[in-house]
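Hi,

Here is the structure I promised to pass on.

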Amino acid sequence: MAIAGARNLITDVPGLRVGQAADAALKSGVTVLIGDAPMVAGVHVMGGAPGTRETDLLRPDALAEAVDALVLSGGSAFGLDAASGVVDGLRGDGRGFEAAGHLVPIVPGAILFDLANGGDKDWAANPYARLGRVAYDARCLDVALGTAGAGTGATVAGLKGGIGSASAVLASGVTVGALVAVNALGQVTVGDGPRFWAAPFEEGDEFGGLGVEIAPGGGPRTKLDSAGNTTIAIVATDAILTKASATRMAVGAHDGMARAIVPSHTPRDGDLVFAASTGQRALTPEDQLLLGHVAATCLARAVARAVYNATPAADDPFPTWREKFA
């Protein structure tokens, strides 16, 4: 039905680049998806504690037809300022929605809570606008996975989280990709072992090739002592979508989050998925039925890749997957 793209990254979708920036002392960072041209976009929130910027503009009945970039950031509410740095970069490059003779870049964003991860949060001035601008300026086709960008200080139950990405190419040639910052209340691995909940969807050995494990009895593991969590993601395609169909793609992609994180969409998570289209390929009738499913499987794989590729840092509250299992 679909195979991983050449990079196995969201940038396999033509017309997309990703920029990332992080502050090691802060233990936080920013990840930005930028379209070479404005992107049609939608959003769907299923967590009970989201933090967002300009998501109302993505409603199908809202005026703006496209966005210039999408931002994922650490920092809780402080991280919403990351979009300001991206807006500055876009405006300097002559990008934006024209209004009364001015260009106004449209940059929705979402944040995760990483304020309790051991980093130095005693700043004199909010650092996230600066990190957003650095991430924008660093945009390219490569995407560092694991401890990078918005996933720098992320955690899940018992392990360090991170940034993940994956892609799939349908038989028709339509490409789908996912980008996710994994900071969940729940587990991405099964029980006490190293295998991932997302294992049924793994391509090759992209997160270890360990195979599937039967779910253990009892309730799922969580990091219940954490006040803030949230997994925030973007799924993207080169298929031609309307804002309504992009929103439907985001809804379908949440299935991937639920397949890879147990439990997910809890009252203490702000789980959110953006969907973006670069509008370069027509969808076949079969593609229309499969698009949400393929986005979901890409997202599940990206979640596992985020945790699998995390690297250690001083004062981490949890070990990395490799420290614990490899």
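First, the ground rules. This is a predicted model, so local features need pLDDT of at least 70 and side-chain atom pairs count only at pLDDT 80 or more, while totals for chains, interfaces and linings use all residues. Residues are numbered from 1 along each chain as its sequence is written, and side-chain values use heavy atoms, with hydrogens and water left out.

On to the strands. Helices (H or I, at least four residues) and strands (E, at least two) are DSSP runs, numbered from the N terminus, and two strands pair if DSSP finds at least two bridges between them. Strand β3 (residues 28–45) pairs with strand β2 (residues 16–23) in the antiparallel sense over 8 bridges, with glycine 19 opposite valine 32 in β3. That hairpin has 4 residues between the strands, and lysine 27 takes a positive phi near 55 degrees there. β3 also runs antiparallel to β5, joined by 6 bridges; leucine 33 has leucine 70 in β5 as its bridge partner. Another 6 bridges join β3 to β14, again antiparallel, and here valine 45 is partnered by leucine 272 in β14.

Now the charges. The structure holds 12 salt bridges (a side-chain nitrogen of Lys or Arg within 4 Å of a carboxyl oxygen of Asp or Glu). For exposure, buried means under 20% relative accessible area, exposed over 50%, and partly exposed in between (1.4 Å probe, protein chains only). Here are some of the pairs:

- Arginine 17 and aspartate 36 have their closest N and O atoms 3.5 Å apart. They sit in β2 and β3, 19 residues apart, and arginine 17 is partly exposed at 33%.
- Aspartate 68 pairs with arginine 95 at 3.2 Å between the closest N and O atoms. The aspartate is in β5 and the arginine in the loop between α1 (82–92) and β6, 27 residues apart. Aspartate 68 is buried at 3%, and arginine 95 is buried at 16%.
- Aspartate 238 meets arginine 281 at 3.6 Å, N to O. Aspartate 238 is buried at 2%, whereas arginine 281 is partly exposed at 36%.

Lysine 27 turns up again too: Lys27, Lys160 and Asp316 are linked in a network of salt bridges.

Next, the helices. α3 and α4 (residues 285–308) pack at about 35 degrees, with axes 7 Å apart (axes are lines fitted to C-alpha atoms over the stretch in contact, and angles run from 0 to 180 degrees between N-to-C directions). Residues making the contact (heavy atoms within 4.5 Å) include Met249 and Met257 of α3 and Leu291 and Leu299 of α4.

Last, the loops. What joins valine 262 and proline 263? A cis peptide bond, with omega about -5 degrees. Proline 263 lies in the loop between α3 (243–260) and β14 (272–281). Histidine 265 is found in that loop as well, and its phi is positive, near 60 degrees. Alanine 100, between β6 (97–99) and β7 (102–104), has a positive phi near 55 degrees and is exposed at 80%.

Cheers
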